[in-house]
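Subject: Structure handover

Hello,

Here is the structure for you to look through. My notes follow below it.

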Amino acid sequence: MNKTSILGLAFLAITAITVMSSCKDKSKPGLEYAPNMYDAIAYNPDQKNPNFADGKTAQVPPSGTNPVGYARFNYPDTREGYDASSVGIVNPLAVTQKNLEEGKQLYVAMCGPCHGTQGKGNGSIVELGKYPAPPSYSTGVSSRGGAMKDLTDGKIYHTIQYGINLMGSYASQLSPEERWQVVMYVRELQKIQ
Ligand code: HEC
């Protein structure tokens, strides 16, 4: 046997022992490559944590704090909240061609199927007879009282935030800025005769 064969045999033997010994006990994976990838040094959110009084890693944020980038909407989902938002907030965005265009695109995709591209309450699912027509933005009457054409920025934003009766909330689909772009576009549709 020459030197290369002896080295080759030794290598094979070591590999075989490593492979076989790693399969013996399924609960022990044997040699692990970069184990910190599996068991990170940092605590996982669902792990026990002795550093906190309640022993949990996932802590509830202190009350009154906002997550980074989160815009709090201070008007509750009540009649009072709706009325207060009507006088308390106005669209912070400037009326520009760009905002109107973006508002239109979002409106057509998210609101159009029910409200109709012109906001007349004749969207595609209404025309299929599958859904009751929402009131027209220009000629209809709000179920909360008053003409739809008189709905303020705040009332429209509040409706997008929480929905109303059969209409669901669009807060998870539209960012605050997108909601305001949609509000801007709805204000245009209120003028259509
Ligand atoms: C699934 C169908 C549907 C979709 C999609 C929808 N709406 Fe509505 N919406 C309705 C219905 C139905 C009403 C009437 C509800 C009522 O008054 O009982 C309504 C009412 C409204 C009102 C009147 C609120 C008031 O105070 O009377 C506004 C404003 C409005 N929607 C805006 C939007 C906007 C903006 C979008 C898109 C982000 C949207 N809606 C998407 C069905 C929908």
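Histidine 115 lies in helix H4. Keep in mind that this is a predicted model. Histidine 115 has a relative accessible area of 11%. The cut-off for buried is under 20%, so histidine 115 counts as buried. Its C-alpha atom is 13 Å from that of glycine 168. Along the chain, histidine 115 and glycine 168 are 53 residues apart.

Histidine 115 also brings us to the ligand. His115 is among the closest residues to the ligand, together with Tyr82, Cys111, Cys114 and Met167. In total, 22 residues surround the ligand.

The ligand site

Where does the ligand sit? The ligand is in the largest pocket. Two helices each supply at least two residues of the shell around the ligand: helix H4, residues 112–115, and helix H6, residues 153–162. By class, the shell has 16 nonpolar, five polar and one charged residues.

- Tyrosine 82: a polar side-chain atom lies 2.5 Å from an oxygen atom of the ligand.
- Serine 142: an N or O atom in the side chain is 2.5 Å from an oxygen atom of the ligand.
- Asparagine 165: an N or O atom in the side chain is 2.8 Å from an oxygen atom of the ligand.

Asparagine 165 is not a glycine, yet its phi is positive, at about 45 degrees. Asparagine 165 lies in the loop between H6 and H7. With a relative accessible area of 72%, asparagine 165 is exposed. That value is computed on protein chains only.

Another positive phi

Alanine 34 also has a positive phi, near 45 degrees, and is a residue other than glycine. Alanine 34 is placed in the loop between helix H1, residues 3–24, and H2. How accessible is alanine 34? Its relative accessible area is 30%, so alanine 34 counts as partly exposed.

Salt bridges

How many salt bridges are there? The count comes to five. Side chains of opposite charge can pair when their charged atoms come close.

Start with arginine 79 and aspartate 83. They form a salt bridge, with the closest N and O atoms 3.2 Å apart. Both residues lie in helix H2, residues 79–88. They are four residues apart, about one turn of the helix. Arginine 79 is partly exposed, at 38% relative accessibility. Aspartate 83 is partly exposed too, at 33%.

Next come aspartate 153 and arginine 187. In this salt bridge the closest N and O atoms are 2.7 Å apart. Aspartate 153 lies in helix H6 and arginine 187 in helix H7, residues 176–189, so the pair ties together parts that are 34 residues apart in sequence. Aspartate 153 is at 13% relative accessibility and counts as buried. Arginine 187 is at 29% and counts as partly exposed.

Then there are lysine 191 and glutamate 188. The closest N and O atoms of this salt bridge are 3.0 Å apart. Is lysine 191 buried or exposed? Lysine 191 counts as exposed, at 56% relative accessibility. Glutamate 188 is partly exposed, with a relative accessible area of 31%.

Arginine 179 is found in helix H7. Its relative accessible area is 7%, so arginine 179 counts as buried. The C-alpha atoms of arginine 179 and valine 90 are separated by 12 Å. Along the chain, arginine 179 and valine 90 are 89 residues apart.

Serine 138 sits in the loop between helix H5, residues 124–127, and H6. Serine 138 is buried, with a relative accessible area of 6%. From the C-alpha atom of serine 138 to that of serine 175 the separation is 25 Å. Serine 138 and serine 175 are 37 residues apart along the chain.

Best regards

Definitions and conventions. Residues are numbered from 1 along each chain as its sequence is written. This is a predicted model: local features need pLDDT of at least 70, side-chain atom pairs count only at pLDDT 80 or more; totals for chains, interfaces and linings use all residues. Side-chain values use heavy atoms; hydrogens and water are left out. A residue is near a molecule or strand if one of its heavy atoms lies within 4 Å of it. A polar contact is a pair of N or O atoms within 3.5 Å; within protein, one must be able to donate a hydrogen and the other to accept it, and residues adjacent in sequence count only if both atoms are side-chain atoms. On a 1 Å grid over the protein atoms alone, a cavity is a set of points where a 1.4 Å probe fits but cannot get out, and a pocket is an open set with protein on both sides within 12 Å along at least five of seven lines; lining residues have an atom within 4 Å of a point. A molecule sits in a cavity or pocket if more than half of its atoms lie within 2 Å of its grid points. Ala, Val, Leu, Ile, Met, Phe, Trp, Tyr, Cys and Pro count as nonpolar, Asp, Glu, Lys and Arg as charged, and the others, Gly among them, as polar. A salt bridge is a side-chain nitrogen of Lys or Arg within 4 Å of a carboxyl oxygen of Asp or Glu. Buried means under 20% relative accessible area, exposed over 50%, partly exposed in between (1.4 Å probe, protein chains only).
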